[in-house]
Amino acid sequence: MVSKEISTVKDLAIFGADPAFSQYKMVGVPNIGNRGLLFSYINDILDRKWLTNNGKYVKELEEKIRVMLGVKHAIAVANGTVGLEIAIRATGMTSEVIVPSFTFVATAHALSWQGIIPKFSDINRNTYTLDEEGIEKNITEKTRGIIGVHVYGQPCNIDQISQIAREHNLSLIFDAAHAFGNSYKGRPIGNFGDAEIFSFHGTKFFNTFEGGAIVTNDDDIAEKCEYMRNFGLGNGEVSKYPGTNGKMNEVSAAMGLVNLESIDEFVKINKRNHMTYRRELEGIQGINLLEYDEREKCNYQYAVIMIDENSAGLNRDDIMRVLKAEGVQTRRYFFPGVHKMEPYKTMFPDMDKFLPITEMVTARVLALPTGTSVNDEEIEKISQIIRISVAHHKDVKAKLIRDYTNDSST
Ligand code: T4K
């Protein structure tokens, strides 16, 4: 609910005015499809007494994803992280694997969890995905693979990265956690590298509560993934590979089937939100909305701004605090860079020197609320708060510094 006009700096909550939102507006609020249909599926699951282990709903969801993406194999998993872990094993990655540091920590942890060293490589300043030159520089005799991340759904430079992987005989996976339903050069994401992994976590625009999928066009890799997600047993009784429990349950799959029916509607809303942010944020000094390539299919699930303190007069954390006071919870996706988190910080204490673009971008990014839980009027309000703050950046900065100093002294 939007409750006040914001036309001068004194209307901002940091100066004592009421917050713009009486209930928090948040990033990552789940999109939920047809409840009636979901409950009917859950009743059926309970009646049939088949709750997990490759059940009817899981198989149906896999088939729908397979057809939607035009891939040979879709393997539903319990979450994106276990999907990555399985795909890393199934594609034979060991020793050292090149990854970006600008990603959710799960990408690197999926490697180190299995004793593989993530070799952090810098990103491109425009797409925020792995930079090809950096990959080449980081390849050593120990490198066994590359994991590219389609951050915010923006595809990596897939052609060039694939070429590098081929030339150096490296396995190649794409962490497509953000890119479900997107395309690269007109072809659905899911068709590239040795395998691609989606996350269907509750905060993703398409969710199965928790969940994910490994997709691949490679029969051998698919077979390994299927076995590995079920303790290495596949559908049998004797283990063929090392395995884990990465199975998706039936209720999650039912949620997926329900949400698939509304996926076009979710994308439409995300896109409309994106356009509204674009219109409303236009011309604000130092605030740039991340743009997507409109020639490609895109889910528009993240509304991300880059804040350049030199032009805006405020830094990312200032804007985050101003918005928080107004009842808007933003997220710093992704801050800090993974190289600054443990165990990597201790393993590679000087890594920032090699990741200048990552350092710059992690200091500037801010994800704003989008999805079905925000409307145009609310986006206009959020944008207006940013506009007024930047226009009066000196007053805002001085107030934030005063508040911060008072906070730290108490
Ligand atoms: N690779 C990449 C590039 C990823 O981004 C991710 C996950 C993965 C791999 C691994 O996939 P999964 O194993 O998760 O399937 C969230 C998600 O937990 C995580 O899935 C996601 N990326 C990451 C970008 O965001 P947090 O730590 O920000 O979550 P949390 O609990 O703080 O929630 C974020 C916001 O969402 C809050 O504002 C509250 C809201 N929220 C959250 C939940 C769970 C709701 O409104 N309702 C909810 O049910 O990590």
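Mentor: In H9, the buried residues are Ile263, Phe266, Ile269, Asn270, Asn273, His274, Thr276, Tyr277 and Leu281. Buried means under 20% relative accessible area, exposed over 50% and partly exposed in between, with a 1.4 Å probe and protein chains only. The model is predicted: local features need pLDDT of at least 70, side-chain atom pairs count only at pLDDT 80 or more, and totals for chains, interfaces and linings use all residues. Residues are numbered from 1 along each chain as its sequence is written, and side-chain values use heavy atoms, leaving out hydrogens and water.

Trainee: How do you know that the buried residues of H9 line one face of the helix?

Mentor: Seen down the axis of H9, they fall within an arc of 165°, so they line one face; the arc is that of the directions from the helix axis to the C-beta atoms. An α-helix has 3.6 residues a turn, so residues three or four places apart point the same way. The face of H9 turned away from the buried side carries the exposed residues Asp264 and Lys268.

Trainee: What do the buried residues of H9 pack against?

Mentor: Their partners include helix H2 (56-69), helix H8 (250-261) and helix H14 (376-391), as well as strand E12 (303-307). Contact means heavy atoms within 4.5 Å. Helices (H or I, at least four residues) and strands (E, at least two) are DSSP runs, numbered from the N terminus.

Trainee: What makes E9 a mostly covered strand?

Mentor: Five of the five residues of E9 (195-199) are buried. Ala195, Ile197 and Ser199 lie on one side, and Glu196 and Phe198 on the other.

Trainee: How do you know that E9 pairs with E6 and with E10?

Mentor: Two strands pair if DSSP finds at least two bridges between them. E6 (171-175) and E9 have three, in the parallel sense, with Ile173 opposite Ala195. Four bridges join E9 to E10 (212-216) in the antiparallel sense, and Gly212 is the bridge partner of Ser199.
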